[in-house]
Amino acid sequence: MKITFLGGGNMAAALIGGMVERGFAAADIQVIELGAEARAGLSERFGVRAVEAMDDVALGCDVLVLAVKPQQMKAALMPIAGRLGGQLVISIAAGLRLADLGRWLGGPGAPYTRLVRCMPNTPALIGAGVTGLFADPSVDAAGRDAAQSILAAVGSTVWAETEAQMDAVTAISGSGPAYVFHFIEAMEAAGRALGFDEAGARRLAIDTVLGAAKLAAGSEDSPAVLRQKVTSKGGTTEAALGSLAASGWHDALVAAVKAAEMRGRELGAELGRD
Ligand SMILES: NC(=O)C1=CN([C@@H]2O[C@H](COP(=O)(O)OP(=O)(O)OC[C@H]3O[C@@H](n4cnc5c(N)ncnc54)[C@H](OP(=O)(O)O)[C@@H]3O)[C@@H](O)[C@H]2O)C=CC1
Ligand SMILES: O=C(O)[C@@H]1CCC=N1
């Protein structure tokens with residue numbers, strides 16, 4: 001399967017790195033990327049072909065992954081509008097809807113429909129990503145399987161039932177690593193404030209998140225039950241959770257995820273008007 005990435009930034013690099021690490025041939029992967037430094041980095045790190053503009057070799061792929069920022073997408077697709085010949089197109093862009101992508105790709109009056117929306121996340125780089133997928137109803141089983149096989153190589157996959165759910169996936173797991181890194185930053189800051197050096201505070205924070213996530217993933221207990229098992233009556237955890245509850249932490253996180261979901265919908269509506 002020959003795969004071309006349009007855009008070679010952070011998320012494309014995470015996907016390519018994870019795919020190459022897990023057995024995809026670098027020779028079958030190409031990247032179209034405007035930045036010379038980014039192109040050189042992708043070639044050096046992963047051994048893939050990276051070029052500045054779409055050429056016939058890159059367009060002759062089986063799967064085209066759209067990995068530019070949503071705001072860059074329409075302009076990035078102009079040079080290939082009306083030139084696709086049945087390639088499966090996978091968009092990883094936040095917010096952008098299949099109907100608008102299809103219109104931009106299809107050329108006058110002929111929307112392109114062999115399209116799958118996917119929302120991966122950056123832990124794909126180490127094979128620990130999670131991706132939500134939604135296919136245009138016209139995509140056949142072979143097309144869905146191809147999309148699934150690419151994203152399953154770098155983590156777990158979840159098919160969304162409706163396209164609207166893709167904005168929720170974006171808000172939960174697409175952006176989610178940033179929330180977790182922010183949590184680690186706060187835990188590390190607390191460790192520093194309580195007398196640890198940076199390395200010690202970071203180790204305690206990261207290994208706690210890692211261990212708790214692994215325990216939650218492998219346990220039959222729900223996260224709530226696992227939390228209760230840490231929380232001794234009248235103990236230290238109860239004091240911490242009481243403080244978090246008083247500052248509205250749970251509701252703040254739910255509101256944050258909803259803000260991300262709303263931004264995804266806004267992006268789709270704003271950019272799709274063009
Ligand atoms: N980062 C993440 O965690 C995730 C991102 N996504 C989605 O992935 C997409 C990319 O995000 P991300 O990797 O963070 O963004 P980046 O800005 O890091 O990557 C986009 C890259 O595409 C380049 N580019 C822009 N226009 C073109 C063009 N016409 N031809 C070739 N290359 C072009 C950009 O160059 P330049 O910098 O010069 O503009 C940039 O290097 C977005 O749509 C985002 O919604 C999805 C899931 C997670
Ligand atoms: O912040 C963003 O818009 C992208 C989409 C999900 C993660 N990063």
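**Helices, shells and burial in a predicted model**

User: At what angle do helix 7 and helix 12 pack, and how far apart are their axes?

Analyst: Helix 7 (residues 165–174) packs against helix 12 (residues 249–272) at about 135°, and their axes are 8 Å apart. The model is a predicted one.

User: How do helix 1 and helix 2 pack?

Analyst: Helix 1 and helix 2 (residues 36–46) pack at about 15°, and their axes are 11 Å apart. The limit for roughly parallel is under 35 degrees. So helix 1 is roughly parallel to helix 2. Helix 1 passes helix 2 in a right-handed crossing.

User: How do you know whether Gly-85 is buried or exposed?

Analyst: Count the neighbours. Gly-85 has 7 C-beta neighbours inside 10 Å. Exposed needs 12 or fewer. So Gly-85 counts as exposed. Gly-85 lies in the loop between helix 4 and strand 5 (88–91). Its C-alpha atom is 9.9 Å from that of Arg-114, 29 residues apart along the chain.

User: Why does Pro-111 count as partly exposed?

Analyst: Pro-111 has 16 C-beta neighbours inside 10 Å. Buried takes 20 or more, and exposed takes 12 or fewer. The count for Pro-111 is in between, so Pro-111 is partly exposed. Pro-111 sits in the loop between helix 5 (98–106) and strand 6 (115–119). The C-alpha atoms of Pro-111 and Ala-67, 44 residues apart along the chain, are separated by 20 Å.

User: What makes Gly-268 buried?

Analyst: Gly-268 has 22 other C-beta atoms within 10 Å. The threshold for buried is 20 or more. So Gly-268 is buried. Gly-268 lies in helix 12. From Gly-268 to Ser-222, 46 residues apart along the chain, the C-alpha separation is 34 Å.

User: Why is helix 11 called hardly covered?

Analyst: Helix 11 (residues 236–246) has eleven residues, and the count of buried ones is zero. For the protein chain, buried residues make up 34% of the 274 residues. Helix 11 is followed by Gly-248, with a positive phi near 70°.

User: Which residues are around ligand 2, and what kinds are they?

Analyst: Ala-94, Thr-170, Gly-174 and Ser-175 are the residues around ligand 2. Ala counts as nonpolar, and Gly counts as polar. The shell around ligand 2 comes to one nonpolar, three polar and no charged.

User: How does the shell around ligand 1 divide?

Analyst: The shell around ligand 1 has 15 nonpolar, nine polar and two charged residues. Of the 26 residues around ligand 1, those that come nearest are Gly-7, Gly-9, Ala-76, Ala-93 and Ala-94. Helix 1 (10–21) and helix 4 (70–77) each supply at least two residues of the shell around ligand 1.

User: What does the domain assignment of the protein chain give?

Analyst: The assignment gives domain 1 (3–168) and domain 2 (176–263). Their C-alpha centres lie 33 Å apart. The C-alpha atoms of the protein chain fill a box of roughly 70 × 40 × 30 Å, taken along the principal axes. The secondary structure of the protein chain comes to twelve helices and eight strands.

How values were computed. Residues numbered from 1 in each chain as written. Chains lettered and ligands numbered in written order. Predicted model: local features only at pLDDT ≥ 70, side-chain atom pairs only at ≥ 80, totals over all residues. Near = placed C-beta within 6 Å. Domains from an automatic or database assignment. Helix = DSSP H or I, 4+ residues; strand = E, 2+ residues; numbered from the N terminus. Axes fitted to C-alpha atoms, helices over the stretch in contact; angles between N-to-C directions. Parallel < 35°, antiparallel > 145°, perpendicular 65-115°, else oblique. Left-handed = near helix turned anticlockwise from the far one by under 90°.
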